[in-house]
Every structure is written in C-alpha cells, then in structure tokens.
Amino acid sequence: MSDWQPGTQLSQVNQAAGARPVKVGSDLYELMKYTLRISEKTEGAFDPTFNAFWGLYKFKANDQREASEEEIKERLPLIDFRNVVMNDQEKSIFLKSSGMKLGLGGIGQGYGVDKIVDELRKKYPAGYIDGSGDTYFWGSKPDGSLWTTAVRDPRDKGKTALRIYGTDFAITTSGDDEKFFMKNGRRVHHIIDPKTGRPATASRQVTVIAKRALDADAFDTGLFVMGPAKGKKVIESVGLQAVFITEKEVILTKGLVKKNTPWGEVYEVVGPLKTFE
C-alpha cells in the first residue's frame with residue numbers, strides 16, 4: 001500500500017494512470033473502495049487523489065517550499081476521487097488521467113492499528129496500541145478503571161485541551177501543528193484542501209473517536225478540511241464522536257459528556273460507537 005516504494009501494488013496503479021487498469025489484492029481493493037466512500041461522505045474533503053500534489057510542499061527545516069499558483073493550477077484537475085474506476089469483477093483500479101496519483105497516508109495508519117488490535121485482543125483482555133498517534137484502547141486498567149487520554153492544545157504542546165474517558169475506542173488527531181512553517185505571518189501546513197490546493201484554514205485541530213482506528217483516521221483529515229460547521233453534522237450522522245478546535249473555540253459532538261472524576265474533569269464517550277460502512 002506504499003506509494004513511494006516502486007514495487008507495491010499501489011505504486012503500480014499510479015504508474016499506469018491514464019493507460020490501463022491494474023489488478024490488486026483484496027486488501028488494497030477493499031480499502032480503496034472504503035476510502036472512496038469516505039470521500040463521498042466528506043464531499044471530497046478527504047480525497048486519496050490528493051497525492052498529485054506530491055512535492056509541491058516541503059516542510060523540513062532546511063528544505064521548505066510552498067506551491068506556486070501556477071503549480072496548483074496545473075495539478076488541480078488531477079485531484080478528483082470520482083476519476084478512480086473500481087472494477088469489482090476484475091478487482092482492478094484505474095486512474096482516468098495520466099499524472100493522477102493515489103495516496104493512503106491519511107488512512108493507512110488506522111488500518112494498520114486495527115489489524116494489530118485484532119491479533120492482540122485474542123491474547124490480552126486489555127491494553128492499548130499507539131500507532132504514531134493513532135491509538136486504540138480496550139478493556140480496563142488493572143485497577144478496574146477505564147482509559148483516559150488527553151487531547152492537547154494545538155498551540156501549546158505542554159497544555160491539555162481536554163481529556164477523553166472510556167474503553168473500546170480508537171482516537172486519532174489531525175492538526176496544523178505537526179508539519180508547518182510560517183511565511184509572511186501565515187501558517188503553511190501539510191493538510192491540503194483538495195479543492196484549492198492550499199492548506200485548510202477552517203480548523204486548528206480535529207480529534208475523532210470511533211469504534212475502529214480506520215474510521216477515526218479517515219474522518220479526522222476530512223473533518224479538518226470541512227471545518228466544524230459542516231463536519232459536526234457529518235460525523236454525528238455516522239455515529240462517531242469528534243472534538244473540533246478552531247481559532248476561537250472548542251466544539252464537541254453530542255456523544256461526549258462532561259464528567260467529574262477523582263483524577264479531574266473528563267469527557268466520557270456515551271453511547272455505542274458505530275462502524276462506518
């Protein structure tokens with residue numbers, strides 16, 4: 001599923017863009033179908049064809065660049081999830097235009113975490129997996145209490161915005177504070193709006209709580225781009241929970257309820273979390 005290792009199935013799909021469909025294994029095929037359903041649900045705010053922008057933005061301290069208007073104008077026509085053709089009979093994927101490029105960077109970590117959790121839950125009654133920020137909790141602690149995890153302040157890494165309490169849930173975050181640089185007073189960051197080719201500005205950070213890490217990982221990016229006005233309605237409609245942090249406020253979905261505990265104020269995950277299908 002890597003798009004930078006040339007021999008993978010996903011890389012073969014990208015190399016054949018505009019020329020021919022490529023047969024792939026069932027894991028990649030089903031994940032790509034799921035990804036396109038996320039794209040539809042988020043109205044294209046999450047789009048796996050974003051990878052056509054690859055190389056236009058760089059964030060390393062000694063190698064920073066922002067895409068020019070000309071570069072964005074040239075590549076924007078290549079960004080459209082509706083131009084990914086899935087053939088259920090052949091189990092093949094076809095990109096309609098030369099230059100299109102799929103990427104699963106916004107969803108692959110969650111997929112991997114779920115696979116690991118499936119194996120470990122067979123052996124252990126409780127635990128958690130941290131897949132580079134994509135975290136899943138199950139069971140309870142040795143003292144019988146449930147898990148508490150912090151949502152940090154995106155402008156102060158030493159400060160906690162709030163804490164989430166519960167069990168059997170995944171939690172992931174997308175924010176503008178991980179890969180960014182400042183340019184003329186503007187924050188240029190790595191979460192790009194597929195419709196504009198520019199960094200999304202409706203949110204500072206979005207955290208999603210879900211039954212699966214796959215769902216949480218997929219939706220946090222799309223909701224970040226959409227912003228809370230649209231995103232809150234979308235995430236509540238599919239039975240997941242989220243925390244939106246904007247420049248001015250913290251917005252929570254209705255399934256997160258404040259609770260006072262011996263270890264402080266937390267927001268409990270109330271009600272069953274659903275799976276997005």
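Modeller: The account below begins with the pocket, passes to the helices, and ends with the loops. The structure is a predicted model. The second largest pocket has a volume of about 320 Å³. Its lining comprises 17 residues, and those closest to the centre of the pocket are Tyr111, Asp114, Lys115, Arg212 and Leu214. By class, the lining of this pocket holds ten charged residues, six nonpolar residues and one polar residue.

Two helices, H2 (26-41) and H4 (108-120), each supply at least two residues of this lining. Of the contributors, H2 gives the most, with six residues.

Helix H4 also packs against helix H5, which spans residues 213-226; the axes of H4 and H5 come within 7 Å and cross at roughly 170 degrees. An angle over 145 degrees counts as roughly antiparallel, and H4 and H5 are therefore roughly antiparallel to each other. On the H4 side, the contact involves Gly108, Gln109, Gly110, Tyr111, Val113 and Asp114, which meet Ala213, Leu214 and Asp217 of H5. The residues of this contact divide into four nonpolar, three polar and two charged.

The loop that runs between H2 and strand S2 (58-60) contains glutamate 43. Most residues other than glycine have a negative phi. Glutamate 43, although not a glycine, has a positive phi of about 55 degrees. This glutamate is partly exposed, with a relative accessible area of 49%.

Asparagine 51 lies in the loop between H2 and S2 as well. Because its relative accessibility is 6%, and buried means under 20%, asparagine 51 counts as buried. Leaving aside residues up to four places away in sequence, asparagine 51 touches Asp3, Lys101, Leu102 and Gly103. The C-alpha atom of asparagine 51 is separated by 32 Å from that of alanine 161, and the two residues are 110 residues apart along the chain.

A further positive phi, of about 55 degrees, belongs to serine 132, which is not a glycine. Serine 132 is found in the loop between strand S6 (127-131) and strand S7 (134-138). With a relative accessibility of 65%, serine 132 counts as exposed.

How values were computed. Residues are numbered from 1 along each chain as its sequence is written. This is a predicted model: local features need pLDDT of at least 70, side-chain atom pairs count only at pLDDT 80 or more; totals for chains, interfaces and linings use all residues. Side-chain values use heavy atoms; hydrogens and water are left out. On a 1 Å grid over the protein atoms alone, a cavity is a set of points where a 1.4 Å probe fits but cannot get out, and a pocket is an open set with protein on both sides within 12 Å along at least five of seven lines; lining residues have an atom within 4 Å of a point. Grid points are joined across faces, edges and corners, and a volume is the space filled by probe spheres set on the points. Helices (H or I, at least four residues) and strands (E, at least two) are DSSP runs, numbered from the N terminus. Ala, Val, Leu, Ile, Met, Phe, Trp, Tyr, Cys and Pro count as nonpolar, Asp, Glu, Lys and Arg as charged, and the others, Gly among them, as polar. Axes are lines fitted to C-alpha atoms, for helices over the stretch in contact, and angles run from 0 to 180 degrees between N-to-C directions. Angles under 35 degrees count as roughly parallel, over 145 as roughly antiparallel, 65 to 115 as roughly perpendicular and the rest as oblique. Contact means heavy atoms within 4.5 Å. Buried means under 20% relative accessible area, exposed over 50%, partly exposed in between (1.4 Å probe, protein chains only).
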